[in-house]
Amino acid sequence: MRHLAKWVMAASAALLAAAGPVDAQVTELRIGYQPSPIQDASIAMFEAWGAKNGIKIVKVPNSYGVYVEKMTASLTSNADQYDVIWHNDDWGQTWAHLLEPTDDVDANKYAEKWGMAPVVFANAQGQNTVVPMGQTFSVFFYRSDLVKPEEVPKTLAELVTVSKALQSANKVKFGYVGGMAMNHSWFSWLWSMWGNNCDVLMPPYERDNKKLAEAGWKSGMTEPCMQQTVEYWWDAINTHKIVPRGMPAYDRNGWGTFNDPAKSKIAGKVAAARFPLGPNRTKPFAWDDIWGWAIPKSIAPERKKLAKQMLEAMMLDEEGQVKLWKATGAPPPNTQFWPKIAEADPFMRLLKEAVLDSPDKVRGAYYFPQWPAVHKAFNDTVTKAVTGKREDIAKVLAEGAPIVSKAAQ
């Protein structure tokens, strides 16, 4: 999502000392992470705790493009490189057996139950392996200076109509911009697919691996709903021209960027709503997951103990979590702070209505070790389909179907 000046609607992905004495033998903790606003804000809480307790926080940044591969190599080799690492639902099951259980971090009881569900982060023994950093989800952002709440599109067809009307009035260059590239596909591909009763694997919205296996790890690539989704974006790019031609390669920006006066011309003019729906769905939905922190199982016991103390302190740091919210627009990990934030901030109230309190939620990934490979096979296929000829879309999706299915097995 690279251009902010002339778009209307975009989807995107928003100190207390720990209980017990700090281990005097450990003087530093090393944090493996990928620089981003939410991770930076969370690490700032680590640093505040470290300053109080005489612990040096060593930040070790890693590129997003190689993060999973690099951390997986470190974990599987039992290397002593990191004490705490960024963890994500996308690779929750890839790493579960390599991580220290965190059920003994008492403040985890304040985390959102949906995001902490065992299907996502639990190991084979049913133990949790994460401490949340904050919520990661997507909502339908729109420019409140151009679109009234009652005018926000509720269907994909209305998105075309509203976009073209604003383009005709010379109010915008593009009606919609959202991420589509690999590792950013939630912000156009996945939400529009889910909003059309469609999914990467069949049956739609299922995340129980036993049921997916019983269905033969069947991909959704040849389902009519998938062809409709790809054709919709092909038409949006080539026929209606409401989105940039280069959008299949776009990544993401978030509310923190949109609402930053130093980076955005529309700061203070961004609102959020539920996603528009496709022709096969009438009931609104939301997807909602967490980003988190994890502790490698292979590090020394005294380092694990100290890392857990730091993560406990982060979960109880109300001041730091409010700063995280203000900097990123991501609801902080401690749900006890949400009502107070919502009382003071109307944007949080919007998020609670559109996502956090939604009765119908979709999980934003699959929870088996092969998910990254499945995700790539899916994204490669839909990208090839949307950038080719319209009449070839069905053929390209059919060619990609067995690749997606095989990647899952």
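This note takes up the nonpolar core, one group of paired strands, and the cavities and a pocket of a predicted model.

1. Basis. The model is predicted, with local features needing pLDDT of at least 70 and side-chain atom pairs counting only at pLDDT 80 or more, whereas totals for chains, interfaces and linings use all residues. Residues are numbered from 1 along each chain as its sequence is written, and side-chain values use heavy atoms, with hydrogens and water left out.

2. Core. A nonpolar core is here a set of buried Ala, Val, Leu, Ile, Met, Phe, Trp, Tyr and Cys residues joined through side-chain atoms within 4.5 Å, where buried means under 20% relative accessible area, with a 1.4 Å probe and protein chains only. The largest such core holds 132 residues, among which Trp233 and Trp293 touch the most other members. Helix H8 (residues 224–238) supplies the largest share of this core, eight residues; helices (H or I, at least four residues) and strands (E, at least two) are DSSP runs, numbered from the N terminus.

3. Strand S2. Five of the six residues of strand S2 (residues 28–33) are buried. Strands are taken as paired if DSSP finds at least two bridges between them. S2 pairs in the parallel sense with strand S3 (residues 56–61) over six bridges, Arg30 standing opposite Val58 in S3, and also in the parallel sense with strand S4 (residues 84–88) over two bridges, where Ile85 is the bridge partner of Gly32.

4. Largest cavity. A cavity is a set of points on a 1 Å grid, over the protein atoms alone, where a 1.4 Å probe fits but cannot get out, and lining residues have an atom within 4 Å of a point. The volume of the largest cavity is about 100 Å³, a volume being the space filled by probe spheres set on the points, which are joined across faces, edges and corners. Its lining includes Asp89, Asp90, Arg252 and Asp289, and strand S9 (residues 286–294) gives the most to this lining, with three residues.

5. Second largest pocket. A pocket is an open set of grid points with protein on both sides within 12 Å along at least five of seven lines. The second largest pocket has a volume of about 360 Å³ and is lined by 14 residues, with Pro149, Val152, Lys154, Ala273 and Arg274 nearest its centre. Strand S8 (270–273) and helix H13 (346–356) are the elements that give two or more residues to this lining, and the largest share, three residues, comes from H13.

How values were computed
Buried means under 20% relative accessible area, exposed over 50%, partly exposed in between (1.4 Å probe, protein chains only).
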